[in-house]
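Let's take a friendly look at how this protein chain is put together. Please have the viewer open as you read.

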Amino acid sequence: MNKEDIIKRRTFGIISHPDAGKTTLTEKFLLFGGAIQTAGAVKSNRIKKAATSDFMEIEKQRGISVASSVMGFDYKNYKVNILDTPGHKDFAEDTYRTLTAVDSVILVVDCVKGVEDLTRKLMEVCRMRNTPVIVFINKLDREGQDPFDLLDEIEKELNIHTRPLSWPIGIGSTFKGVYNLFEKKLQLFSPAKQTISDDVFDITDLNSIELDNRIGEKAAKKLRDDAELIEGVYEPFNKDLYLDGYLAPVFFGSAINNFGVKELLDTFVQIAPEPRPRFTETREVLPTENKFSGFIFKIHANLDPNHRDRIAFCRIVSGKFERNKFYQHTRLDKKFRFSSPTSFMANEKSIVDEAYPGDVIGLYDTGNFKIGDTLSEGELMFYKGIPSFSPEIFKELVNKDPMKTKQLEKGIQQLTDEGVAQLFTQQQGYVKIVGTVGDLQFDVIQFRLLHEYGASVEFTKLPYEKASWYTSTDKAALERFNMVKKYNIAADKEGRPVFLAESAWALKMNQDNFPDIAFHFTSEFKTDPNAIRQANAW
Ligand code: G4P
C-alpha cells in the first residue's frame, strides 16, 4: 500500500450546537472542493428544522441523509472526508459515536450566542480521545460578542487553550473583513457577493499605510492594537499542541457569506492530522500496517418495508479494504465478504473496489453487525473506544401482546445493537428499561417493533434522570451498595451493573455516601468480572 494514499486523507467532523452554521459551512467546503455546484445541496441537517416531533418525517429526511453521512471530496492534493453528524439534539448519541471515527473536528460557534449546551457536550466527547479541534467562530456579519471575550469564554467553558489564526476587523454592521494572522493576509468582506471572495490583499507589515487606505484609519488602528495584544497574550501557534488536543486554533468568518471559509479550509488541510492509529483491546494499530482492519461506528436502518436493508458504516483503520475479499467479523468469529461496498463522494454513492485508512465505507448488512464490531484479515482484535453514553430518559418497555414475546425480544436486541437506544434489565431480564438521550427514540422503537417485528409495546415513564456504570475494588463495599440500592440497579446489555438515579442531586448524594464506589458516565472503562456476575444475579 502506498503511504501517499494514507497521508493525503483528512477525515473529520463538523460539530456545533444546532443553528450555529454547521450545514452552511459543510456546503461551502463542498463548493470549494467542487463536489457540489450550488448551495442548498446538503439536506441532511435540515432534519432539525422539523419542529415537529413526527419521527417518520424525520426518518424520511434521515433516509435522504444516508448519502451525505460521509461527504468525500478532493481539495488540492488532499482527499477530504467530512463525516456528517445529525443536527437534531435527540440524535446526539449518533453524533458522539461518529466522533470516534474522525481524526479531528471543526467546532462551529455562533458569535452572538457563544458557547451553548451541545457545544459543551461535544467538546467533552472530543476531550475523551484528545481529538484535535479547530474552532470557527461564525456569523461575524451579526452583532456578536467581542472576539477577545469569545475566546475567553471558549477557553473557560470548553477547557481548551485557544490561539487565533485569523482576526475579525469589526463585527456586525462594522464588519470589514478578516486578517489572516497565520499567513499575514487581509481579506475584505463583500456581503453581496455570492461567489467565493478573492479580495485578498497581502500585508506583511501591519504598519503599512496601505492598511489605512484599505479599511480606514480607525479600523486600521484597532487591528494593529488587537494584533499586538494577540501576540502579547497568546503563545505562537504550535501544531503539536493542536494535534495533542491541547490547543485549538481559532478562525473567524461568516459561512453564509463565504467569508473566512477558504482560509479555514486551506489551513485545515495543512495542519489537520492524517489518519491516526487506533487502539484495540490488546495493541495499537497503525494505518500503515498492510493488513486491513476497521470498525463499525454507525448502522443506518432503512425504514421502508420494501427495502429492509441496513447499512453499517465502517471506518478503515489499517491496510487496504478490497471488494469481494473475505474478512473476519471478530465478534461472531465468522468470515464475510462484501460485494457492493459503498463509498460516498459528496451526495453520490458508488460501489468501490478498494478503500484506504481514513475512508468510511457503507456495508450492506442483514443484521450481523452491531455498533463497535471489528473486521480484520484474521487477527482476533476488538477496537476500543465506541462508548455508550449515560442516557437521560428512561422508560419501562411493556409488552402488550404476550403471543409476540419472542419477536419483541429479538426486535429490542437488534434495535439496541443498531444504537437506537440502550437496553437495561432488572430481575433477570423480565423488566426491560429503555434509556435514551432524546424522546424521539421511544417513538422510533415503538413504531419499528410493530412494523418490523410485529411486536406491540407501550412505554411507562420511570422516575430516573441519570444512569451511571459503577465499579469498586472493594468487594464488601460493592456488595453493600448492591444490597442497599437494589431497586435502583439494572444491568446493561453486556451484563454490567448500572445505577439509576432520580436526579443529578441524588446521584451526587450517592457518590458522597459511597466513596468506595467509582461511578462512570460512559461505558468505556475497565470492568471487573465480579461486578458483572453480581449484577447478573439481580
Ligand atoms: P446548523 O447546521 O449548525 O444547525 O446551522 P445552519 O447551517 O442550518 O445555519 C443556521 C442558520 O444560520 C441558517 O438560517 C443559516 O442560513 C444561518 N447562517 C449560517 N451562517 C451564517 C452567517 O455567517 N451569518 C448569518 N447571518 N447567518 C448564518 P435559517 O434562517 O435557519 O435557515 P435558511 O433559511 O437560511 O436555510
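## Overall make-up

How many helices and strands does the secondary structure of the protein chain come to? There are 15 helices and 31 strands, taken as DSSP runs (H or I of at least four residues for helices, E of at least two for strands) and numbered from the N terminus.

This is a predicted model, in which local features need pLDDT of at least 70 and side-chain atom pairs count only at pLDDT 80 or more, while totals for chains, interfaces and linings use all residues. Residues are numbered from 1 along each chain as its sequence is written, and side-chain values use heavy atoms, with hydrogens and water left out.

Of the 538 residues in the protein chain, 56% are buried, meaning under 20% relative accessible area with a 1.4 Å probe, protein chains only.

## Nonpolar cores

A nonpolar core here is a set of buried Ala, Val, Leu, Ile, Met, Phe, Trp, Tyr and Cys residues joined through side-chain atoms within 4.5 Å. The largest one has 82 residues, and Ile137 and Leu186 touch the most other members. Strand S15 (residues 310–318) gives this core its largest share, six residues.

## Where H2 meets H10

Leu25, Lys28, Phe29 and Phe32 in H2 meet Val261, Lys262, Leu264 and Leu265 in H10, with contact meaning heavy atoms within 4.5 Å. By class, this contact has six nonpolar, no polar and two charged residues.

Note on methods
Buried < 20%, exposed > 50% of the residue type's maximum accessible area, 1.4 Å probe, protein only. Nonpolar A, V, L, I, M, F, W, Y, C, P; charged D, E, K, R; others polar.
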